[in-house]
Structure formats: C-alpha cells, structure tokens
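Here's a quick briefing to read alongside the sequence and the model. Have both open as you go.

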Amino acid sequence: MKLYNTKIKLFLFSIFISISSFVFSQNESESICATETSQQFLNHYNSIKKQVKSFEQEFIKMKSNKNYNTRKTLNFIPIKAHIVRTTNHNGGLSETSVIKAIENLNEIYADAFMKFYLFDEINYLDSDELSNFKKGNEQTLIGTNYVPNTINVYFIEAIENSFGESICGYVEEKNNIIIMKNSCAVNDSSLAHEMGHFFSLLHTHGPSNSRLTTELVDGSNCDTDGDGICDTPADPTLSNNTIDDSCNYSGNVKDSHGNFFKPDTRNIMSYSRKSCRNYFSEQQFSRIYGYYKTIEDSLKPDYHEIETENNDLISVKIYPNPVSNDKLFLKVSLENPSINYTITNFQGQTLSQGKTSNKEINVNNLSPGSYLLVLDNGTSSVVRKFIK
Ligand SMILES: [Zn+2]
C-alpha cells in the first residue's frame with residue numbers, strides 16, 4: 001500500500017486544474033465546462049515538459065510509421081464509474097449509456113493509441129442531495145467512493161455552480177476526478193473534453209475562461225500563449241451566441257495586433273456548440289499521449305487488491321482486464337469451483353462457451369475488442385465485462 005500511497009500522492013500533485021466560478025449559461029443545453037487551468041498546473045506542466053515532449057516525439061514517430069502495430073501500441077486506461085441516483089435508487093445514468101460513452105471516447109482516443117475500459121463494477125451512490133450536486137462539495141461525493149490508480153468519473157443528474165447555474169462537467173484539481181452531468185456524458189463530446197483536461201489539455205481559448213486569450217492570430221506566440229499548442233488557431237472564447245447552426249464563427253473580435261480571430265469551431269477543447277465539436281488536432285493528440293505516458297504508472301490499478309467479501313459468485317472478479325497472454329483468470333473464493341462460462345459480444349451473440357474448474361479461461365479465439373463473460377455455477381450467475 002505504501003507504494004500506492006506514494007503513487008496517489010504523486011498523481012494528485014501531478015494535476016492542478018482550478019475551477020472557475022465564472023458565470024455562464026442560462027439554460028441546460030448551454031451548460032459548459034467549468035475547468036479552468038491554474039498557474040500551479042502550468043508550473044507543474046513546465047516541470048515535466050521535457051519528458052512529455054520526448055513522448056510526443058515517440059508519438060510522432062509511431063504515427064509516421066504506417067506499419068505500426070496498433071495492438072502493441074495501444075494503452076489501456078481504467079475508468080471507475082460512479083453513478084449518482086436518488087435516495088430511493090431512482091434515476092442515474094444507465095449502464096448502457098456509460099458503456100456507450102466509453103465506446104465514444106474510444107473512437108476519439110484511438111488516434112492517441114488509448115483505449116478506456118470500465119474498471120470493475122459500476123459504483124452506485126444513492127443520495128438526493130448528491131443528485132443535485134453543488135460544485136465544491138466534492139469531498140462528500142468521494143467519501144469512500146474513490147478507487148486509486150483509475151480515472152474516477154462521477155455521473156450526476158444536475159450540477160450547479162455557486163450562482164445556481166448549470167455545469168456540464170469539470171476536472172476537480174484536489175482529488176483529480178471528473179464530474180459529469182448525465183446529459184453531457186452522452187453528448188459525444190463533453191466526456192472527451194474533460195478527459196482532454198485530465199491529460200493536460202487546456203481550452204483552445206487558453207487558461208482563463210473569462211479573459212481574452214493573448215495568443216495572436218498570426219500564430220507567432222502559439223507555443224507559449226493560449227493553449228500552448230500550435231496547430232489550434234487562437235480562440236477568443238466561443239459560445240453558442242457566436243457559433244451559428246452550421247458551426248460557423250460569427251464573432252468579430254480582434255487580437256492585440258488588430259487581426260480578426262479565425263477560431264476552429266470543431267475542436268473538442270473549445271467552448272463551441274457541443275454538436276460542432278468533433279475532433280482533436282494532431283498536436284493535441286500528441287500532447288495527450290505524451291502526458292499519459294509521463295503519468296502512466298499512476299493509472300495501473302492492481303486487480304489483486306480487490307477483495308472478495310463472500311462466497312457467492314457475485315464476488316467473482318476477473319483479471320487481468322484487458323486480457324494478456326490470451327488468458328482470463330477468475331478470482332473466486334470457492335474451493336475447486338466448477339463454473340460454466342459463456343462469452344458474448346455486446347449484441348448478445350455467443351462466441352465461446354465452456355466449463356472451468358481451475359479458474360482460468362482461454363480466450364485465444366477472440367479478436368481484440370470488448371466482451372461480456374457470463375458465469376454460472378448452477379445456482380447463481382453473474383456477468384462481467386472484459387477487454388481483449
Ligand atoms: Zn473544459
């Protein structure tokens with residue numbers, strides 16, 4: 001545990017993203033991200049910049065090699081999902097929506113050689129108070145609901161800032177967690193956006209959500225100002241009011257040299273309309289990858305640390321997940337268990353079946369992907385998800 005604590009501390013120190021109390025939207029559909037990058041984070045980033053940059057070089061090399069082996073270069077990243085429901089166990093994001101949201105993340109992050117997976121079971125928090133979450137109340141939310149060495153994401157029905165305005169999501173610096181409003185978690189860009197913050201990306205309009213960026217339209221200070229990334233144009237901070245239905249920018253703000261901004265309304269890290277945001281630039285991917293590789297040890301949960309609590313199949317854990325060496329192992333407290341297993345895809349199609357008595361399942365016949373494993377011992381059955 002000592003090593004773990006050290007890792008956690010390092011990890012917590014590794015990200016300092018401050019949350020603005022900036023006033024934003026009037027209605028839910030316009031609720032935006034409340035992450036604002038602090039000077040502490042920028043200082044921290046500068047202290048590890050050299051290492052991040054060397055991983056960025058590795059990334060560029062991998063990208064330029066057309067024959068690279070995607071399987072070998074893929075990095076698996078654990079997400080611990082916490083779903084907040086009412087005290088009466090009602091509401092809450094559905095498990096299907098969480099899985100879909102992660103699949104969407106994976107489509108976007110495949111270009112950074114990253115694949116997210118759901119770590120262990122979904123954790124449910126039943127509380128009326130937490131269902132209408134007030135930013136700043138993170139400690140109550142976390143309580144014991146936090147798994148080290150994973151990305152803890154809390155899915156909540158409604159999130160408000162201190163002015164009572166709706167928030168879509170944010171990365172909370174102190175605990176290094178992501179808080180997501182349910183409707184934003186499934187809009188196909190907001191979770192990817194918060195994940196971008198988690199992996200060090202700034203908004204394309206720069207560290208502040210309230211001051212005009214100092215990045216110049218001509219790109220001459222792109223490396224140091226704005227988001228510090230040069231293939232994203234200077235951005236005067238977008239909003240639904242300055243982006244039309246066809247995702248065109250209609251504002252007329254000028255930079256300090258008198259040049260009109262020509263922002264990218266499609267970038268995921270912008271404040272553009274959520275339906276317009278659909279991509280990261282190559283340098284953003286490179287930064288995400290470089291930062292991830294720099295902190296990757298802090299995202300390696302230990303499956304052996306998961307304790308089983310009773311003798312039921314309900315306590316069965318599977319590991320390693322993602323599978324390595326074509327073998328999946330069951331952690332089960334029964335002596336000599338005889339367990340039937342069925343492996344299906346998410347469409348319910350059976351791909352493999354058998355019986356195991358040595359807590360081991362061979363999955364060499366499966367191609368890379370996500371699967372469901374159904375375990376049954378005659379009296380009870382459980383379903384587990386895994387990635388190969
Ligand atoms: Zn943001």
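Predicted model: local features only at pLDDT ≥ 70, side-chain atom pairs only at ≥ 80, totals over all residues.

Residues are numbered from 1 along each chain as its sequence is written. Helices (H or I, at least four residues) and strands (E, at least two) are DSSP runs, numbered from the N terminus.

A bit of background: most residues other than glycine have a negative phi, and most peptide bonds are trans.

- Going from Tyr 319 to Pro 320, the peptide bond is cis, with omega near -15°; Pro 320 sits in strand S12, residues 317-324.
- Another cis peptide bond runs from Asn 321 to Pro 322, with omega near 10°, and Pro 322 also lies in strand S12.
- Asp 326 isn't a glycine, yet its phi is positive, about 60°. You'll find Asp 326 in the loop between S12 and strand S13 (327-331).
- Asp 326 counts as exposed because it has 12 C-beta neighbours inside 10 Å (exposed means 12 or fewer other C-beta atoms within 10 Å, buried means 20 or more, partly exposed is in between, and C-beta atoms are placed from the backbone).
- Lys 359, also not a glycine, has a positive phi of about 60°, and its spot is the loop between strand S15 (350-356) and strand S16 (360-362).
- With 16 C-beta neighbours inside 10 Å, Lys 359 comes out as partly exposed.

**Ala 101 and its surroundings**

- Look for Ala 101 in helix H4, residues 95-109. Ala 101 is buried, since 26 other C-beta atoms lie within 10 Å.
- Setting aside neighbours within four places in sequence, Ala 101 is in contact with Ala 185, Val 186 and Leu 191 (contact means C-beta atoms, placed from the backbone, within 7 Å).
- Ala 101 and Ala 192 are 91 residues apart along the chain, with 9.0 Å between their C-alpha atoms.

**Where H4 meets H8**

- The axes of H4 and helix H8 (residues 190-198) come within 9 Å and cross at roughly 60°; axes are lines fitted to C-alpha atoms, for helices over the stretch in contact, and angles run from 0 to 180 degrees between N-to-C directions.
- H4 and H8 are therefore oblique to each other (under 35 degrees is roughly parallel, over 145 roughly antiparallel, 65 to 115 roughly perpendicular, and the rest oblique).
- On the H4 side, Ala 101, Leu 105 and Ile 108 meet Leu 191, Ala 192 and Met 195 in H8.

Notes: Contact = placed C-beta atoms within 7 Å.
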